[in-house]
Structure formats: structure tokens, C-alpha cells
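Subject: Structure for you to look at

Hello,

Here is the structure I said I would pass on. My notes on what turned up in it follow below.

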Amino acid sequence: MRWRHLAGALLLVAVAGSADRAEIRTHAEARPPVRARPVPVARRRPAVAPHPHRLVFHGARGTGLVALTFDADMTHGMWRSLDAGRIKSSYDRRIVKVLDATRTPATIFATGLWIKRYPGVTRTLAADPLLEFGDHSYEHSAFAAPCYGLPVLPRGKRTADVRRAAAVLDGHVPGHTPYFRFPGGCHDASAVRAVLAAGVTPVQWDVISGDAFGHDPHAITRTVLREARGGSIVVMHLNGAPTAPETHAALPGIITGLRSRGLRLVKVSELLAAR
């Protein structure tokens, strides 16, 4: 089951990379944006994480906890598309408005390039006590081949890439989590060792939301509610259209549905600390 989820996720993220060359189309919103309640600014402490020793796909099954995660992707091609006006934005603020309005904790895995593109947004999100940040590489290059067309980092540069992205995080998100997510989900044994050598824990997922290029928010909601269970880590995207045009619209149903089943939504750090 784990590899079925992983293979699907690789395809979704790889397709997102191909959008760098695509013209953006207008998508109708499935529902109005949710109004957010003001969130107090708070200084965060470093997250408590397990010692890095393995690749994580989910937390303990008996806890009744579920972590929603959002990848904030940015490649050089996406950056050029933003500059050229082919993509309006790679940050959908409506997603965070839903999280804040529903008081839902979440974890963002951001690339170094995304943070450099949105430094002010990053600092604002870092001050939100509901959110935490993890490392998603510097420029979304693959850590193993093949990876659906993503450029592949040489083996000798993978640990340095993790640390380079972490250095960008350090400048904008003091106390960020010691977690890493592979671009495209692509990894092999040597890639895992490279991440562990940087002193961080690689965190994948066991539930693919289907939000990448998904135009039916109800289908995204149904997928998550069908697949999620105690200990699950759900992968979604923070980018908005064209990568993930309906994530914001699917979120309210996901949050309500999971909570109605007695599941508690937490950050990845809390999920992995629970036993």
C-alpha cells in the first residue's frame, strides 16, 4: 500500500513541475474564501523531533492524530513563469485563511526558492502558532532518478542541498522543524542517507489528497476522508492554481470530516512525538 501511495505522489508532483511551461487558465472557485480570525504573533520554540534515523511515512496508528502537510514548491522554471506573468502566484493565501478560521494546525514544507520568492509571506506564516515549517530542498531538484523529468542532484551534492535550504529557513523561520520532504517524493537508500547526514528526518506521507491539478474539491475531500486514519500524514500543496487550484475549497470538508470521526489534526512534530 505504501508504494502505491508513493508512486501516485511522484506523478502528481512531477506534473506540477511541467506546469512551468503551461499558460495559466482561470478556474472558478468552488466556494467563497473563508474569513480568517486574527492570529496572535508568537515566538516559536524549536520543534521536538525524533533523532534522525529512518524515513517516515506516518505516525503511530493508535494515537488518533492526523497531520495535514502542504508543499510549497518553487523551481527556476516556476520563477520565470511568475516573472513573465504566465502564473499569477505560487501562494494561495485562501488555504491559510481556512486553517486559521478553523484553528487547524499544519506543516509547510517549503523550498528555499519559494521562501526567497515570498520572504514576507514566509515570516508572516512563521509567526502563526498554528503552522510549522520543514525543508523541501533548495530548488526542487530530484534526489533520485528517474523522477518524472525533474533535474537530478548528483549524489555528492544532496546533503549540501538540504543544508542550503535549511540555511534559508534559518533566516526566516527560526526554530523550524528538523524535517525534510523529498521533491517529487523521489528517493533511494543513498538519498535517505544524504538527508540523515544533514541531521534531519525525511518525512513522506501515506495519504495523497489528489489536489495537484484537481478541479473537483469534493473528490479531493472524499479521497482524504477515505484514506486517512490515525497516524496519517496527508500531502497537499500551498501553491494554488495551476498546481493546486481547489485545495482551499476542499479543506473545510476535509477538516470537518476528519474531526467528526474523532481524529485530531496536529502538526507533524506533534504527530511524530506521540507514542
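A residue is called buried here when its relative accessible area is under 20%, exposed when that value is over 50%, and partly exposed in between. Please keep in mind that this is a predicted model.

With that cut-off, helix α2, which covers residues 76-84, has Gly77, Met78, Ser81 and Leu82 as its buried residues. Viewed down the axis of α2, these residues fall within an arc of 140°, so they line one face of the helix. An α-helix has 3.6 residues a turn, so residues three or four places apart point the same way. Arg80 and Asp83 are exposed on the other side of α2. The cover over the buried residues of α2 includes α4, residues 112-117. Just after α2 comes Gly85, with a positive phi of about 85°.

The whole chain

The protein chain has 10 helices and eight strands. Of its 275 residues, 57% are buried. Among contacts in the chain with a separation of 6 or more, 84% are between residues 24 or more positions apart.

Helix α3

Helix α3 runs over residues 93-101, and its buried residues are Arg94, Ile95, Val96, Val98, Leu99 and Asp100. Several elements contribute to covering them, including the strands β1 (65-72), β2 (106-110), β3 (131-135) and β7, as well as the helices α5 (119-126) and α9.

At 32% relative accessibility, Arg103 counts as partly exposed.

Helices α6 and α7

Two packed helices are described by the angle between their axes and the distance between the axes. For α6 (residues 158-172) and α7 (residues 189-197), the angle is about 45° and the axes are 8 Å apart. The two helices are therefore oblique to each other. The crossing of α6 past α7 is right-handed. On the α6 side the contact involves Arg158, Thr159, Val162 and Arg163, and on the α7 side Ser190, Ala191, Ala194, Val195 and Ala197. Sorted by class, this contact has five nonpolar, two polar and two charged residues.

Which residues of α7 are buried? They are Ser190, Ala191, Val192, Ala194 and Val195. These buried residues pack against α6 and also against the strands β4 (179-180) and β5 (201-202). Just after α7, Gly199 has a positive phi of about 85°.

Helices α8 and α9

Helix α8 covers residues 217-227, and its axis comes within 8 Å of that of α9, crossing at roughly 30°. That makes α8 roughly parallel to α9. The crossing is right-handed. From α8, the contact uses Pro217, Ile220, Thr221, Val224 and Leu225; from α9, it uses Ala249, Ala250, Gly253, Ile254, Gly257 and Leu258. By class, the contact of α8 with α9 has eight nonpolar, three polar and no charged residues.

Loops and backbone details

Two loops are worth a note.

The loop between β3 and α6 holds Pro146, which is joined to Ala145 by a cis peptide bond with omega of about 0°. Ser137 is also found in the loop between β3 and α6. Phi of Ser137 is near 85°, a positive value in a residue other than glycine. Is Ser137 buried or exposed? At 0% relative accessibility, Ser137 counts as buried.

The loop between β7 and α9 holds Pro242. A cis peptide bond, with omega of about 0°, joins Ala241 and Pro242. Thr243 is found in the loop between β7 (233-237) and α9 (247-260) too. At 5% relative accessibility, Thr243 counts as buried. Thr243 and Ala212 are 31 residues apart in sequence, and their C-alpha atoms are 5.5 Å apart in space.

Regards

Methods: Residues are numbered from 1 along each chain as its sequence is written. This is a predicted model: local features need pLDDT of at least 70, side-chain atom pairs count only at pLDDT 80 or more; totals for chains, interfaces and linings use all residues. Side-chain values use heavy atoms; hydrogens and water are left out. Axes are lines fitted to C-alpha atoms, for helices over the stretch in contact, and angles run from 0 to 180 degrees between N-to-C directions. Helices (H or I, at least four residues) and strands (E, at least two) are DSSP runs, numbered from the N terminus. Angles under 35 degrees count as roughly parallel, over 145 as roughly antiparallel, 65 to 115 as roughly perpendicular and the rest as oblique. A crossing is left-handed if the near helix is turned anticlockwise from the far one by less than a right angle, and right-handed if clockwise. Contact means heavy atoms within 4.5 Å. Ala, Val, Leu, Ile, Met, Phe, Trp, Tyr, Cys and Pro count as nonpolar, Asp, Glu, Lys and Arg as charged, and the others, Gly among them, as polar. Buried means under 20% relative accessible area, exposed over 50%, partly exposed in between (1.4 Å probe, protein chains only). The arc is that of the directions from the helix axis to the C-beta atoms.
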